[in-house]
Amino acid sequence: MDNAIKDFIIPVFIPHAGCPNQCVFCNQNTLTGKQRIIPPKEELNHIITEYLKHKGKNRGRVQIGFYGGNFLGLGIDKIEKLLFAAAKYVTNGLVDSIRFSTRPDTIDNNKLDFLNNFPVSTIELGVQSMDDAVLAAAKRGHTSSDTINAVSLIKKRKFETGLQMMIGLPGDDEKRSIHTAQLIAELLPDFVRIYPTVVLAGSPLAVLYKKGKYVPLSLEEGVSITKKAYLVFRENNIRVIRMGLQATEDLREGISILAGPYHPAFGHLVYSEIFLDNIIGVLQSESILTGEIIIRIHPKSVSELRGLKNGNISKIKKLFDVKSVRVIPDSSLPAGGFGVDANS
Ligand code: SF4
């Protein structure tokens with residue numbers, strides 16, 4: 001379903017650097033024992049040059065992304081050093097631009113003015129929730145009004161704006177998550193990421209989890225709520241560039257997950273469930289289904305339609321009590337589109 005050409009992002013981790021506090025779900029340092037490490041220039045150059053060797057064809061923009069900390073919470077001298085080192089790659093044409101993630105409460109006009117000196121194109125905000133009680137329970141230390149204010153300042157400067165939301169935080173539920181998605185959509189970001197909360201070893205949440213004071217979502221619940229949030233964004237024509245943690249961009253090497261709705265192909269699970277819902281909707285309008293169901297679909301969407309281990313096919317067979325479900329790739333259909341023929 002997501003057929004856009006993807007940016008090639010070179011992630012540079014600055015674990016917990018610039019963080020004013022410890023958010024309950026976060027631990028960027030698990031196992032490594034490193035604290036607030038900013039890579040020195042040599043390491044930064046090494047990371048970037050190594051990553052560039054793996055840039056495949058048909059990629060979108062090449063960007064250096066500073067992740068894992070609160071970028072604008074760093075002192076201005078540190079921000080300058082990192083941006084200066086990264087900007088060199090933009091000047092020599094190997095990289096198109098710079099991006100970073102930061103907290104909503106670090107955005108102000110002075111910092112945005114300062115960024116004008118560098119080829120920064122994209123700012124991602126860790127919004128997490130638009131519910132102040134959920135933000136407080138997550139010990140974020142900012143409110144939803146900080147996010148509204150930050151987005152307005154960023155958009156005035158024409159930076160590409162990305163907003164990250166989480167589901168399954170302490171005190172959160174499906175209704176609150178969908179409301180967060182709706183409020184984020186109203187802010188008209190250029191893109192969003194949706195992260196289900198997982199219990200990272202060494203995080204404050206791990207302590208609550210071990211004491212039985214936090215119960216993570218199951219994978220099924222995580223997929224279902226993420227799907228509903230995704231549909232809010234899709235209805236508002238807002239790109240969702242990531243659902244679920246991704247090993248290379250979101251998790252530093254050595255970080256371990258104790259519990260929660262983690263799956264390496266989380267986004268795939270969400271898209272599969274959407275296909276299943278849509279196909280069930282179409283089949284329910286058929287009066288009698290006894291024979292074979294034939295589903296024609298764009299070749300790129302076949303695996304999402306089938307679901308993991310053909311799970312969608314089995315569910316359709318069971319639900320409609322039919323002998324077989326045949327999937328026929330059909331490149332005349334648009335990506336994500338499908339047609340159903342039901343023989344009775
Ligand atoms: S979520 Fe962001 S601000 Fe909070 S501790 Fe982690 S890196 Fe720092």
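Reply: Take Thr 49, which counts as exposed because it has 12 C-beta neighbours inside 10 Å. The cut-offs: buried means 20 or more other C-beta atoms within 10 Å of a residue's own, exposed means 12 or fewer, partly exposed is in between, and C-beta atoms are placed from the backbone. This is a predicted model: local features need pLDDT of at least 70, side-chain atom pairs count only at pLDDT 80 or more, and totals for chains, interfaces and linings use all residues. Residues are numbered from 1 along each chain as its sequence is written.

Me: In which helix is Thr 49 found?

Reply: Helix α1, residues 41–52. Helices (H or I, at least four residues) and strands (E, at least two) are DSSP runs, numbered from the N terminus. The protein has 12 helices and 12 strands.

Me: How do I read a strand?

Reply: Start with the general idea. In a regular strand the side chains alternate between the two faces of the sheet. Now look at β3, residues 97–102. Ser 97, Arg 99 and Ser 101 point one way, while Ile 98, Phe 100 and Thr 102 point the other way.

Me: How many residues of β3 are buried?

Reply: 6 of its 6.

Me: In which sense does β3 pair with β2?

Reply: Parallel, over 4 bridges. Two strands pair if DSSP finds at least two bridges between them. Strand β2 covers residues 62–67, and its Gln 63 has Ser 97 of β3 as bridge partner.

Me: What should I look for in backbone angles?

Reply: Most residues other than glycine have a negative phi, and most peptide bonds are trans. Lys 139 has a positive phi of about 55°. Lys 139 sits in the loop between α4 (132–137) and α5 (144–156). It is partly exposed because 15 other C-beta atoms lie within 10 Å. Leu 188 also has a positive phi, near 55°. Its place is the loop between α6 (174–186) and β6 (191–196). Leu 188 has 13 C-beta neighbours inside 10 Å, so it counts as partly exposed.

Me: Which residues are around the ligand?

Reply: His 16, Cys 19, Gln 22, Cys 23, Cys 26, Gln 28, Gly 69, Asn 70, Arg 103 and Gly 126. Near means that a residue's C-beta atom, placed from the backbone, lies within 6 Å of the molecule. By class, the shell has 3 nonpolar, 6 polar and 1 charged residues. Here Ala, Val, Leu, Ile, Met, Phe, Trp, Tyr, Cys and Pro count as nonpolar, Asp, Glu, Lys and Arg as charged, and the others, Gly among them, as polar.

Me: And the overall fold?

Reply: The C-alpha trace spans about 70 × 50 × 40 Å along its principal axes. Of the 344 residues, 40% count as buried. Contacts (C-beta atoms, placed from the backbone, within 7 Å) come next. Among those with a separation of 6 or more, 79% join residues 24 or more positions apart.

Conventions. Two residues are in contact if their C-beta atoms, placed from the backbone, lie within 7 Å.
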